[in-house]
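Please read it alongside the sequence and the coordinates shown here.

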Amino acid sequence: MDRRSFLTAAGATVSVSFAGCAGLGGSDESSTEASSTDESTATGTSTGDAGDVEETLVVGTYSAFVDSPSTSPGAWVKQRFEEEFDARLIWQTPSNEVNHYIERRNAGVDIEADMYLGLNTDHLVRIDENLDDGLFADVGDVAGQDDIKPGLQFDPDGRAIPYDTGYISLVFDGTETTAPETFDGLLAEEHAGDLITQNPASSATGRAFLLHTVKEFGPDSYLDYWSDLQDNDVRVLGSWSDAYSAWSGGEAPMVVSYSTDQVFADQNDANMEEHQIRFLNDQGYANPEGMAVFDGADTPDLAREFMGFLLRPEIQGEIAVRNVQFPATESAELPEDYAELAQEPPEPVTFGYDELKGSVSGWISDWERQFASN
């Protein structure tokens, strides 16, 4: 479970078992650890008789994109797409996410999906470090890609294009504390034990926060900062849902989460004073999500039509609201109050592909060793 499915009931799914191999890792968000599961979930049926449609599009994604028909984007996107296109859309949600497809390709097993939705820069680095022949085809001609906001493109090889983005920030309970304005402020005695974050080895949110500290203090000094955080009793839990549950339960007044948290809170009628946002050093770590077509896909043209469909203004706006993120395009149609609830940092920061390649695994491993020894 991640933040987008935290308070929702799981949707009905049909489990499909695939022959094959162990994943590189799995969690509610993503992982670099080993996993023994190869199970996927294919979700959804055609809006009509399966014999009446010309093609089937199989799209891999993370489970939170589809797990609740009433709030997650998946069911809504499926219905809209099938109503317009003479095709059937099937969601496939392997428990270890994109690593499932890396392992299948390494083992010479059919991918059995046409595209993947939910890629980030870390995933592309992992793919290129683990596969000699790649996993995705060139993005090619996709309608609407010229409308993507400047700075969101994260794949230098032109395989993935963004469909939304988020910013990692602090979320704090304003009835209990006032979050500091800087990274160094988290080390103050008055904030001892106040912060909960996630394990960067098993959580995309925790990894983004770790990368933000590397960005701020440099590869030679970020571990010193984490040592100081440990001295100030920071709590590191496994996943976003673990950390957010602990924070929601009052175990600490601050948690590493997303700057769209007030959208999430508003959807659940929460007290906004208890869901305040803080951008440390006026910065938020940007984490765009992208989509790409698998090399050797059965229906690559349909996959690219689907990508263009997702970049339409009305679809972009609905995905942003349901996925509690920011849209990727300039022309997205959003509710009037969305800009008031979803906060963008004064200064977005991130690491590019070239900066992460050959480095991110080492940064995480060094953090694990130090954290375990302290």
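## Lining of the second largest cavity

In this predicted model, the second largest cavity draws at least two lining residues from each of three elements, namely strand S7 (167-172), helix H4 (204-217) and strand S12 (283-286). The lining consists of Ile-168, Ser-169, Leu-170, Phe-183, Ala-208, Phe-209, His-212, Arg-278, Phe-279, Leu-280, Gln-283 and Tyr-285, and by class these residues divide into 8 nonpolar, 3 polar and 1 charged.

The space inside the second largest cavity comes to about 70 Å³, and a search of the whole structure returns 4 cavities of 30 Å³ or more.

## Packing of H5 against H12

Two packed helices are described by the angle between their axes and the distance between the axes. For helix H5 (residues 222-231) and helix H12 (residues 360-373), the angle is about 35° and the axes lie 11 Å apart, while the crossing of H5 and H12 is right-handed.

On the H5 side, the contact is made by Tyr-222, Leu-223, Trp-226, Ser-227 and Gln-230, which meet Gly-362, Trp-363, Asp-366, Trp-367, Gln-370 and Phe-371 of H12. Sorted by class, the residues of this contact between H5 and H12 comprise 6 nonpolar, 4 polar and 1 charged.

## The chain as a whole

The secondary structure of the chain amounts to 12 helices and 15 strands, and buried residues account for 56% of its 374 residues. Of the contacts in the chain with a separation of 6 or more, 78% are between residues 24 or more positions apart.

Key: Residues are numbered from 1 along each chain as its sequence is written. This is a predicted model: local features need pLDDT of at least 70, side-chain atom pairs count only at pLDDT 80 or more; totals for chains, interfaces and linings use all residues. Side-chain values use heavy atoms; hydrogens and water are left out. On a 1 Å grid over the protein atoms alone, a cavity is a set of points where a 1.4 Å probe fits but cannot get out, and a pocket is an open set with protein on both sides within 12 Å along at least five of seven lines; lining residues have an atom within 4 Å of a point. Grid points are joined across faces, edges and corners, and a volume is the space filled by probe spheres set on the points. Helices (H or I, at least four residues) and strands (E, at least two) are DSSP runs, numbered from the N terminus. Ala, Val, Leu, Ile, Met, Phe, Trp, Tyr, Cys and Pro count as nonpolar, Asp, Glu, Lys and Arg as charged, and the others, Gly among them, as polar. Axes are lines fitted to C-alpha atoms, for helices over the stretch in contact, and angles run from 0 to 180 degrees between N-to-C directions. A crossing is left-handed if the near helix is turned anticlockwise from the far one by less than a right angle, and right-handed if clockwise. Contact means heavy atoms within 4.5 Å. Buried means under 20% relative accessible area, exposed over 50%, partly exposed in between (1.4 Å probe, protein chains only).
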